[in-house]
Amino acid sequence: MGTALVTGATAGLGLEFAWQLATARHHLVLVARDEARLEEVAGQLRAAAGVDVEVVRADLSVPDDVARVAERLRVTGEEDGETRRPVGLLVNNAGFGMRHRFTKDDLDSELRALDVMVRAVLVLSHAAAGQMKHRGRGAILNVGSVAALTATGTYSAHKAWVRTFTEGLAAELKGTGVTATVVAPGLTHTEFHARMHADTSGLPEIAWLDAPRVVADALADVRRGVVLSTPSLRYKAASAALRVAPRPTVRWFGKKRRL
Ligand SMILES: NC(=O)c1ccc[n+]([C@@H]2O[C@H](COP(=O)([O-])OP(=O)(O)OC[C@H]3O[C@@H](n4cnc5c(N)ncnc54)[C@H](OP(=O)(O)O)[C@@H]3O)[C@@H](O)[C@H]2O)c1
(Lines give C-alpha, C1' and ligand atoms only; values in the text may rest on other atoms or scores of the structure.)
Protein backbone atom coordinates (compact mmCIF):
# COMPACT_ATOMS: atom_id res chain seq x y z
CA MET A 1 0.00 0.00 0.00
CA GLY A 2 1.54 3.31 -1.10
CA THR A 3 0.50 6.95 -0.99
CA ALA A 4 -0.57 8.94 -4.04
CA LEU A 5 -0.99 12.70 -4.38
CA VAL A 6 -3.57 13.74 -6.99
CA THR A 7 -4.07 17.35 -8.09
CA GLY A 8 -7.51 18.37 -9.33
CA ALA A 9 -9.04 15.53 -7.32
CA THR A 10 -12.52 17.01 -6.84
CA ALA A 11 -13.90 16.30 -10.33
CA GLY A 12 -13.48 14.43 -13.59
CA LEU A 13 -10.29 12.47 -14.18
CA GLY A 14 -8.74 13.48 -10.84
CA LEU A 15 -11.75 12.21 -8.90
CA GLU A 16 -11.60 8.97 -10.88
CA PHE A 17 -7.84 8.62 -10.17
CA ALA A 18 -8.64 9.03 -6.48
CA TRP A 19 -11.31 6.30 -6.55
CA GLN A 20 -9.27 3.79 -8.57
CA LEU A 21 -6.17 4.36 -6.42
CA ALA A 22 -8.17 4.05 -3.19
CA THR A 23 -9.74 0.84 -4.47
CA ALA A 24 -6.19 -0.44 -5.12
CA ARG A 25 -5.45 0.35 -1.43
CA HIS A 26 -3.44 3.53 -1.83
CA HIS A 27 -3.56 6.23 0.84
CA LEU A 28 -4.28 9.60 -0.73
CA VAL A 29 -3.39 13.27 -0.63
CA LEU A 30 -6.05 15.23 -2.53
CA VAL A 31 -5.35 18.71 -3.92
CA ALA A 32 -7.82 21.24 -5.39
CA ARG A 33 -9.32 24.67 -4.62
CA ASP A 34 -12.81 23.75 -3.43
CA GLU A 35 -12.31 22.79 0.22
CA ALA A 36 -15.90 21.66 0.88
CA ARG A 37 -15.79 19.36 -2.11
CA LEU A 38 -12.34 18.05 -1.11
CA GLU A 39 -13.62 17.16 2.37
CA GLU A 40 -16.73 15.50 0.94
CA VAL A 41 -14.67 13.35 -1.45
CA ALA A 42 -12.17 12.51 1.30
CA GLY A 43 -14.98 11.36 3.61
CA GLN A 44 -16.49 9.15 0.92
CA LEU A 45 -13.11 7.57 0.11
CA ARG A 46 -12.28 6.89 3.76
CA ALA A 47 -15.68 5.30 4.36
CA ALA A 48 -15.77 3.21 1.17
CA ALA A 49 -12.13 2.13 0.82
CA GLY A 50 -10.77 2.37 4.38
CA VAL A 51 -7.69 4.34 3.28
CA ASP A 52 -6.15 7.44 4.87
CA VAL A 53 -6.96 10.64 2.99
CA GLU A 54 -5.31 14.03 3.55
CA VAL A 55 -6.63 17.13 1.84
CA VAL A 56 -4.56 20.12 0.78
CA ARG A 57 -6.59 23.11 -0.41
CA ALA A 58 -4.44 24.84 -3.01
CA ASP A 59 -4.93 27.07 -6.02
CA LEU A 60 -2.16 25.89 -8.33
CA SER A 61 -2.08 29.25 -10.11
CA VAL A 62 -0.73 30.73 -6.85
CA PRO A 63 3.02 30.10 -6.30
CA ASP A 64 2.75 29.99 -2.47
CA ASP A 65 0.04 27.31 -2.71
CA VAL A 66 2.17 25.29 -5.14
CA ALA A 67 5.09 25.60 -2.71
CA ARG A 68 2.93 24.08 0.10
CA VAL A 69 2.06 21.11 -2.09
CA ALA A 70 5.74 20.73 -3.08
CA GLU A 71 6.67 20.72 0.61
CA ARG A 72 4.24 17.82 1.18
CA LEU A 73 5.85 15.95 -1.73
CA ARG A 74 9.34 16.36 -0.19
CA VAL A 75 8.36 14.40 2.94
CA THR A 76 10.56 11.30 3.04
CA GLY A 77 9.18 9.82 6.26
CA GLU A 78 12.69 9.90 7.75
CA GLU A 79 12.43 13.29 9.49
CA ASP A 80 12.26 13.36 13.30
CA GLY A 81 8.66 13.33 14.48
CA GLU A 82 7.26 13.21 10.91
CA THR A 83 4.05 11.23 10.84
CA ARG A 84 3.04 11.83 7.23
CA ARG A 85 3.76 9.10 4.69
CA PRO A 86 6.06 9.78 1.71
CA VAL A 87 4.24 10.10 -1.61
CA GLY A 88 5.06 7.25 -4.02
CA LEU A 89 2.88 8.40 -6.93
CA LEU A 90 2.31 11.99 -8.03
CA VAL A 91 -0.56 12.59 -10.47
CA ASN A 92 -0.28 16.08 -11.97
CA ASN A 93 -3.85 16.23 -13.27
CA ALA A 94 -5.35 19.67 -12.47
CA GLY A 95 -6.14 21.71 -15.56
CA PHE A 96 -8.84 23.47 -17.49
CA GLY A 97 -9.82 24.25 -21.04
CA MET A 98 -9.58 27.63 -22.68
CA ARG A 99 -11.70 29.00 -25.51
CA HIS A 100 -9.64 32.15 -25.61
CA ARG A 101 -8.16 33.86 -28.62
CA PHE A 102 -4.64 34.76 -27.57
CA THR A 103 -4.62 38.18 -29.22
CA LYS A 104 -8.12 39.12 -28.03
CA ASP A 105 -8.15 38.04 -24.43
CA ASP A 106 -6.45 39.30 -21.32
CA LEU A 107 -2.97 38.17 -20.40
CA ASP A 108 -3.88 37.39 -16.78
CA SER A 109 -6.08 34.43 -17.66
CA GLU A 110 -3.34 33.15 -19.99
CA LEU A 111 -0.79 33.41 -17.20
CA ARG A 112 -3.11 31.57 -14.78
CA ALA A 113 -3.42 28.70 -17.25
CA LEU A 114 0.35 28.59 -17.75
CA ASP A 115 0.85 28.56 -13.98
CA VAL A 116 -1.57 25.65 -13.40
CA MET A 117 -0.76 23.48 -16.42
CA VAL A 118 2.99 24.18 -16.79
CA ARG A 119 4.56 25.92 -13.79
CA ALA A 120 2.82 23.76 -11.15
CA VAL A 121 3.64 20.57 -13.07
CA LEU A 122 7.32 21.63 -13.18
CA VAL A 123 7.55 22.57 -9.49
CA LEU A 124 5.65 19.51 -8.22
CA SER A 125 7.57 17.10 -10.48
CA HIS A 126 10.85 18.58 -9.20
CA ALA A 127 9.83 18.10 -5.57
CA ALA A 128 8.52 14.56 -6.16
CA ALA A 129 11.44 13.40 -8.32
CA GLY A 130 13.97 14.51 -5.70
CA GLN A 131 12.20 12.71 -2.86
CA MET A 132 11.52 9.59 -4.97
CA LYS A 133 15.10 9.37 -6.24
CA HIS A 134 16.30 9.62 -2.65
CA ARG A 135 14.06 6.65 -1.73
CA GLY A 136 14.89 4.76 -4.96
CA ARG A 137 11.27 4.30 -6.01
CA GLY A 138 8.18 6.16 -7.19
CA ALA A 139 6.24 7.31 -10.23
CA ILE A 140 5.12 10.62 -11.71
CA LEU A 141 2.07 10.68 -13.97
CA ASN A 142 1.39 13.91 -15.87
CA VAL A 143 -1.96 14.43 -17.57
CA GLY A 144 -1.36 15.82 -21.04
CA SER A 145 -3.76 15.70 -23.96
CA VAL A 146 -4.03 14.58 -27.55
CA ALA A 147 -4.28 18.37 -28.10
CA ALA A 148 -0.48 18.41 -27.66
CA LEU A 149 -0.25 17.21 -31.26
CA THR A 150 -2.52 19.96 -32.60
CA ALA A 151 -2.14 23.72 -32.96
CA THR A 152 -5.21 24.78 -30.99
CA GLY A 153 -4.07 27.79 -29.01
CA THR A 154 -2.08 28.01 -25.82
CA TYR A 155 -3.85 24.98 -24.27
CA SER A 156 -2.26 22.72 -26.89
CA ALA A 157 1.08 24.46 -26.33
CA HIS A 158 0.87 23.79 -22.58
CA LYS A 159 0.06 20.13 -23.20
CA ALA A 160 2.92 19.86 -25.74
CA TRP A 161 5.20 21.17 -22.99
CA VAL A 162 3.85 18.54 -20.56
CA ARG A 163 4.52 15.81 -23.10
CA THR A 164 8.08 16.86 -23.98
CA PHE A 165 8.91 17.63 -20.36
CA THR A 166 7.73 14.18 -19.22
CA GLU A 167 9.70 12.39 -21.93
CA GLY A 168 12.87 14.23 -20.88
CA LEU A 169 12.19 13.50 -17.22
CA ALA A 170 11.62 9.80 -17.95
CA ALA A 171 14.97 9.64 -19.76
CA GLU A 172 16.74 11.40 -16.91
CA LEU A 173 15.18 9.13 -14.28
CA LYS A 174 15.97 5.85 -16.08
CA GLY A 175 17.75 3.46 -13.74
CA THR A 176 16.79 5.35 -10.56
CA GLY A 177 13.71 3.28 -9.70
CA VAL A 178 11.50 6.28 -10.51
CA THR A 179 9.37 6.52 -13.67
CA ALA A 180 7.59 9.33 -15.50
CA THR A 181 4.53 8.84 -17.70
CA VAL A 182 2.40 11.28 -19.68
CA VAL A 183 -1.16 10.27 -20.49
CA ALA A 184 -2.72 11.95 -23.52
CA PRO A 185 -6.50 11.55 -23.39
CA GLY A 186 -8.85 12.58 -26.15
CA LEU A 187 -12.27 14.08 -25.44
CA THR A 188 -13.45 12.67 -22.12
CA HIS A 189 -16.75 13.10 -20.27
CA THR A 190 -15.86 15.22 -17.21
CA GLU A 191 -16.72 18.75 -16.04
CA PHE A 192 -13.98 20.14 -18.33
CA HIS A 193 -16.19 21.32 -21.20
CA ALA A 194 -19.03 22.67 -19.04
CA ARG A 195 -16.51 24.67 -17.00
CA MET A 196 -15.20 26.31 -20.18
CA HIS A 197 -18.79 26.90 -21.44
CA ALA A 198 -18.11 24.87 -24.57
CA ASP A 199 -21.01 23.69 -26.72
CA THR A 200 -20.24 20.01 -27.35
CA SER A 201 -23.67 19.11 -28.73
CA GLY A 202 -22.33 18.70 -32.28
CA LEU A 203 -19.68 16.17 -31.32
CA PRO A 204 -20.52 12.50 -32.04
CA GLU A 205 -20.59 10.09 -29.10
CA ILE A 206 -17.86 7.99 -30.79
CA ALA A 207 -15.43 10.87 -30.16
CA TRP A 208 -15.87 10.60 -26.39
CA LEU A 209 -14.06 8.51 -23.80
CA ASP A 210 -15.19 7.73 -20.28
CA ALA A 211 -13.05 8.77 -17.32
CA PRO A 212 -12.87 5.24 -15.77
CA ARG A 213 -11.37 3.86 -18.99
CA VAL A 214 -8.84 6.70 -19.37
CA VAL A 215 -7.72 6.38 -15.75
CA ALA A 216 -7.51 2.55 -15.82
CA ASP A 217 -5.38 2.66 -18.99
CA ALA A 218 -3.12 5.39 -17.56
CA LEU A 219 -2.54 3.55 -14.27
CA ALA A 220 -1.85 0.28 -16.12
CA ASP A 221 0.77 2.12 -18.20
CA VAL A 222 2.33 3.64 -15.06
CA ARG A 223 2.63 0.13 -13.59
CA ARG A 224 4.35 -1.04 -16.78
CA GLY A 225 6.69 1.99 -16.86
CA VAL A 226 5.30 3.19 -20.22
CA VAL A 227 6.35 6.78 -20.98
CA LEU A 228 3.68 7.84 -23.53
CA SER A 229 0.19 6.59 -22.72
CA THR A 230 -2.71 7.17 -25.13
CA PRO A 231 -5.96 5.59 -23.95
CA SER A 232 -8.16 3.89 -26.58
CA LEU A 233 -7.50 2.59 -30.08
CA ARG A 234 -9.45 5.53 -31.55
CA TYR A 235 -7.10 8.09 -30.07
CA LYS A 236 -4.00 5.97 -30.70
CA ALA A 237 -4.99 6.08 -34.40
CA ALA A 238 -5.84 9.79 -34.29
CA SER A 239 -2.48 10.54 -32.63
CA ALA A 240 -0.59 8.49 -35.22
CA ALA A 241 -2.38 10.42 -37.99
CA LEU A 242 -1.63 13.78 -36.36
CA ARG A 243 2.05 12.89 -36.03
CA VAL A 244 2.41 12.32 -39.80
CA ALA A 245 -0.12 14.90 -41.06
CA PRO A 246 1.35 17.89 -42.91
CA ARG A 247 1.65 20.74 -40.43
CA PRO A 248 -0.26 23.19 -42.66
CA THR A 249 -3.24 20.79 -42.41
CA VAL A 250 -2.82 20.60 -38.64
CA ARG A 251 -2.72 24.42 -38.46
CA TRP A 252 -5.81 24.72 -40.69
CA PHE A 253 -7.67 22.35 -38.38
CA GLY A 254 -6.49 24.36 -35.38
CA LYS A 255 -7.80 27.59 -36.88
CA LYS A 256 -11.17 25.98 -37.72
CA ARG A 257 -11.63 24.29 -34.36
CA ARG A 258 -13.47 25.91 -31.53
CA LEU A 259 -15.49 23.79 -29.17
N1 LIG B 1 -11.93 16.16 -20.32
C2 LIG B 1 -11.23 16.12 -21.45
O3 LIG B 1 -11.78 16.04 -22.57
C4 LIG B 1 -9.72 16.15 -21.38
C5 LIG B 1 -9.00 15.73 -22.50
C6 LIG B 1 -7.61 15.74 -22.48
C7 LIG B 1 -6.96 16.16 -21.33
N8 LIG B 1 -7.67 16.59 -20.25
C9 LIG B 1 -6.92 17.04 -19.06
O10 LIG B 1 -7.34 16.27 -17.94
C11 LIG B 1 -7.07 16.98 -16.74
C12 LIG B 1 -8.28 16.91 -15.84
O13 LIG B 1 -9.37 17.57 -16.48
P14 LIG B 1 -10.87 17.06 -16.33
O15 LIG B 1 -11.37 16.79 -17.69
O16 LIG B 1 -10.96 16.02 -15.30
O17 LIG B 1 -11.55 18.44 -15.85
P18 LIG B 1 -12.58 18.75 -14.67
O19 LIG B 1 -13.61 17.70 -14.56
O20 LIG B 1 -13.03 20.16 -14.93
O21 LIG B 1 -11.67 18.73 -13.35
C22 LIG B 1 -10.63 19.66 -13.18
C23 LIG B 1 -10.01 19.52 -11.79
O24 LIG B 1 -8.91 20.45 -11.70
C25 LIG B 1 -9.06 21.25 -10.53
N26 LIG B 1 -8.50 22.57 -10.77
C27 LIG B 1 -8.82 23.44 -11.77
N28 LIG B 1 -8.13 24.59 -11.62
C29 LIG B 1 -7.35 24.43 -10.51
C30 LIG B 1 -6.43 25.27 -9.83
N31 LIG B 1 -6.18 26.54 -10.22
N32 LIG B 1 -5.81 24.79 -8.73
C33 LIG B 1 -6.07 23.55 -8.27
N34 LIG B 1 -6.94 22.71 -8.88
C35 LIG B 1 -7.58 23.15 -9.97
C36 LIG B 1 -10.58 21.27 -10.26
O37 LIG B 1 -10.88 21.44 -8.89
P38 LIG B 1 -11.29 22.83 -8.16
O39 LIG B 1 -12.23 23.56 -9.07
O40 LIG B 1 -11.88 22.38 -6.86
O41 LIG B 1 -10.00 23.54 -7.96
C42 LIG B 1 -10.98 19.87 -10.68
O43 LIG B 1 -10.77 18.98 -9.60
C44 LIG B 1 -6.68 18.40 -17.17
O45 LIG B 1 -5.29 18.55 -17.10
C46 LIG B 1 -7.16 18.47 -18.62
O47 LIG B 1 -6.39 19.39 -19.37
C48 LIG B 1 -9.04 16.58 -20.24
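Okay, a definition first: when I say a residue is buried, I mean its relative accessible area is under 20%, exposed means over 50%, and partly exposed is in between, all with a 1.4 Å probe and protein chains only. Take Ser61: its relative accessibility is 13%, so it counts as buried.

Quick housekeeping. What you're looking at is a predicted model, where local features need pLDDT of at least 70 and side-chain atom pairs count only at pLDDT 80 or more, while totals for chains, interfaces and linings use all residues. Residues are numbered from 1 along each chain as its sequence is written, and side-chain values use heavy atoms, with hydrogens and water left out.

Back to Ser61, then. You'll find Ser61 in the loop between strand E3 (53–57) and helix H3 (63–73). By the way, helices (H or I, at least four residues) and strands (E, at least two) are DSSP runs, numbered from the N terminus. What does the side chain of Ser61 make a polar contact with? The partner is the side chain of Asp59, at 2.7 Å. A polar contact here is a pair of N or O atoms within 3.5 Å; within protein, one has to be able to donate a hydrogen and the other to accept it, and residues adjacent in sequence count only if both atoms are side-chain atoms.

Now the ligand. How many residues surround it? There are 31, and the closest are Thr10, Arg33, Asn93, Tyr155 and Thr190. To be in that set, a residue needs one of its heavy atoms within 4 Å of the molecule. By type, the shell splits into 14 nonpolar, eleven polar and six charged residues.

Let's go through some polar pairs. A nitrogen atom of the ligand sits 2.9 Å from a polar backbone atom of Leu60. On the oxygen side, a ligand oxygen is 2.8 Å from a backbone N or O atom of Asn93. A ligand oxygen is also 2.9 Å from an N or O atom in the side chain of Lys159. Taken alone, the ligand would expose 890 Å², and the protein buries 97% of that. Those areas come from the Shrake-Rupley method with a 1.4 Å probe, and for residues only the protein chains shown count as cover.

Which elements give two or more residues to that shell? They are helix H1 (12–23), helix H5 (153–173) and helix H6 (192–195). H6 has the largest share, with three residues.

As for annotation, the unreviewed UniProt entry puts "domain: Ketoreductase" at residues 2–190. UniProt positions are in the numbering used here, feature names are shortened, and annotations may be inferred rather than shown by experiment. Across residues 2–190, the chain is 47% helix and 18% strand, with the end C-alpha atoms 27 Å apart.

On to the inside. The largest nonpolar core has 39 residues, and the ones with the most contacts inside it are Phe17, Leu21, Leu28, Leu30, Leu89 and Leu141. A nonpolar core is a set of buried Ala, Val, Leu, Ile, Met, Phe, Trp, Tyr and Cys residues joined through side-chain atoms within 4.5 Å. Elements that each supply at least two residues include strand E1 (3–7), H1, strand E2 (27–32) and helix H8 (233–244). Helix H7 (211–224) is on that list too, and H7 gives the most, with six residues.

Next, some backbone angles. Most residues other than glycine have a negative phi. Arg25 has a positive one, near 70 degrees, and Arg25 is in the loop between H1 and E2. Is Arg25 buried or partly exposed? At 40% relative accessibility, Arg25 counts as partly exposed. Ser232 also has a positive phi, near 85 degrees, in the loop between strand E9 (228–229) and H8. Its relative accessibility is 1%, so Ser232 counts as buried.

Last, two pairs to click on. Val183, in strand E6 (residues 178–183), is buried, with a relative accessible area of 1%. Val183 and Val227 are 44 residues apart in sequence and 8.3 Å apart in space, C-alpha to C-alpha. Then there's Arg46 in helix H2, which is partly exposed at 36% relative accessibility. Arg46 and Thr76 are 30 residues apart along the chain, and their C-alpha atoms are separated by 23 Å.

Note on methods:
Ala, Val, Leu, Ile, Met, Phe, Trp, Tyr, Cys and Pro count as nonpolar, Asp, Glu, Lys and Arg as charged, and the others, Gly among them, as polar.
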